[in-house]
Every structure is written in structure tokens, then in C-alpha cells.
Amino acid sequence: MAIFETEGAEVALAAPQKSAATLRELAYKQIKQRIISCELRPGEAINETHLINLLGLGRTPIHQALHRLEVDGMVTILPRKGVVVTPVSLNDVLDMIEVRVCNEQLCVKLALERAQESDFAVMRAILGRTPALLAKHDVPGLMELDLQFHLAISAAARNRVLAELLRNLHEKQARFWFLTLSEAHHSERIYQEHLQILTAMEARDSSAAITAIHDHIDDFRRAIMRTL
């Protein structure tokens, strides 16, 4: 709250209220992050009153966020029973991996045809932040950098439809990715795989880059199969 003096009197101006859309988006992002990080675990019932108290938000934005997350496939709303976090399914994630591997390889191919050197500099800067996060075992930070790296490749490909498809797949797979982090040294392997992808791209070596992205996704597939 700001306070101003006007001819000897103090006038208090209330802080601007957040719009309904802003509150709805805030609720959506915060609940989604808790699902991705498995703070809200697969199959767990969601108590809306608990979320209201935890997030400090009203019932309406919470309710709207949960309906949006149902569209995303992250929660299931059961009439007259409540809301549960959608259980993880090995078949579902393997289906997503099949779609992802084809489109990630296409994305790398297009990026090598269309990328400027500044695109590679962005990717290199993203990966440059990884060692510090590895040292702290900052899982949310590592997950965010992983997404940023792949989105940077999508941006270099200059194809909005492909970029949106891959963003959606990454977000759907994020909590599976989180589960694989229980494996020793998995985060370090991911970092090395990212470096291999970028090194091949910087050399404009299409064959090596496509092989590197394929191996990266296949390593994720094997980790998932060991974890679930």
C-alpha cells in the first residue's frame, strides 16, 4: 500500500488487485508444478480446500485451474467424487516418446537449416548454468533448464506448430522426467547428452545431431522403463 500526503492529510492507496485471469493463471501454474514435481503424487486425491489454504487463492481460480489441468491430462475430475492426480502410465509415456523422437529429430534438422549463430549462443548459455544446479541437486532448476534447452532448439527451427507440439509433449512428460531423477547420475548424463547435441549442431553436422537427439530421448525411455 502506498501512502501520499495531500495538504497535511495522508491518503492511502490500496495495492492494485490481481485480475481474475491472473489469479487463474497463477493457480494453474502452481498446481501444475506440484503435480510435475510429484508433491501431488499420481493417483492422489486433491482436496480443493487444502489447495485454497496452501496457495492463498480463492475457490474460483482453483476450480478453473483444475478443469484446465484435466484438459492437459494431469488430473481426472470424477463427478460427485472429487479430483485425483492422473496416474502415470508406462504405455502413455511410451506413446509420447514415439511421437517426440520423430518430431525432435525433425526439429534438429530444421534448426540446422535455419539457425543463426545467436541461436547456438542461447543454447550454450542455457547449458552453462547447468553445472551449478547439478552441484546443488536443484531438481526444479534442472527441469526448467531442460525445457529451456529444447525450446531453444524449437525456436531455432522457426516452426511455430512444431514448437507448440514439442512444448506440450515436454510438459506432459515432465513428471515422468522427475521420477527418473531417483537414478544415480541421471542428471549428469542428461547434461552430457545436451552437450553432445549442441556440439553436433554447432558443427552443422546433421547426422551426428540427429543421432545425439535420438540417443538422448532413448536414454529417457530406458530410464522410465526402469523406474515405473
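In which helix is Gln173 found? Select it and you land in helix α8; helices here are DSSP runs of H or I with at least four residues, strands are runs of E with at least two, and both are numbered from the N terminus. Before going further, note that this is a predicted model, where local features need pLDDT of at least 70, side-chain atom pairs count only at pLDDT 80 or more, and totals for chains, interfaces and linings use all residues. Residues are numbered from 1 along each chain as its sequence is written, and side-chain values use heavy atoms, with hydrogens and water left out.

**Stop 1: Gln173**

Gln173 counts as buried, at 2% relative accessibility. The cut-offs are under 20% relative accessible area for buried, over 50% for exposed and partly exposed in between, using a 1.4 Å probe and protein chains only. Now show what surrounds Gln173: leaving aside neighbours within four places in sequence, it is in contact with Val93, Met96, Ile97, Arg100 and Phe220. Contact means heavy atoms within 4.5 Å.

**Stop 2: α7 and the residue after it**

Next, select α7, residues 139–157. Its end C-alpha atoms are 28 Å apart, which agrees with the 27 Å that its 19 residues should span at 1.5 Å a residue; the expected span is 1.5 Å times one less than the number of residues. Of those 19 residues, 14 are buried, so α7 is largely enclosed by the rest of the structure.

Then go to Arg158, in the loop between α7 and α8 (160–180). Its phi is near 55 degrees, a positive value in a residue other than glycine. For context, most residues other than glycine have a negative phi. Arg158 counts as partly exposed because its relative accessibility is 40%. Draw a distance from its side chain and you'll find a polar atom 3.3 Å from the backbone oxygen of Ala156. That is a polar contact: a pair of N or O atoms within 3.5 Å where, within protein, one must be able to donate a hydrogen and the other to accept it, and residues adjacent in sequence count only if both atoms are side-chain atoms. Not counting residues up to four places away in sequence, Arg158 touches Arg114, Gln116 and Asp119. Leu110 is 48 residues away in sequence, with a C-alpha to C-alpha distance of 7.7 Å from Arg158.

**Stop 3**

Where is Arg204? Look in the loop between α9 (186–202) and α10. Arg204 also has a positive phi, near 55 degrees, and it is partly exposed, with a relative accessible area of 36%.

Move on to Arg222 in α10, residues 206–227. It counts as partly exposed, at 35% relative accessibility, and its side chain makes a polar contact of 2.6 Å with that of Asp218.

**Stop 4**

Select residues 59–71 for α3: 13 residues reaching 19 Å from first C-alpha to last, close to the expected 18 Å. Which residues of α3 are buried? Colour Pro61, Ile62, Ala65, Leu66 and Leu69. Looking down the helix axis, these fall within an arc of 135 degrees, so they line one face of α3; the arc is taken over directions from the axis to the C-beta atoms. On the other side, Thr60 and Val71 are exposed. The buried residues pack against α1 (20–36), β3 (45–46), α2 (48–55), β4 (75–78) and β5 (82–85). Just past the helix, Gly73 takes a positive phi of about 85 degrees.

Stay with Ile62, which touches Ala27, Ile31, Glu48, Leu51, Ile52, Leu55 and Leu57, not counting residues up to four places away in sequence. Ile62 is among the residues with the most contacts inside the largest nonpolar core, which has 64 residues; the others named are Ile31, Met123, Ile153 and Met201. A nonpolar core is a set of buried Ala, Val, Leu, Ile, Met, Phe, Trp, Tyr and Cys residues joined through side-chain atoms within 4.5 Å.

**Last stop: colour by confidence**

Finally, colour by pLDDT, the predictor's confidence in each residue from 0 to 100. The chain mean is 89, and 91% of residues reach 70 or more. Over residues 1–15 pLDDT stays under 50, and the model has 16 contacts for them beyond four places in sequence.
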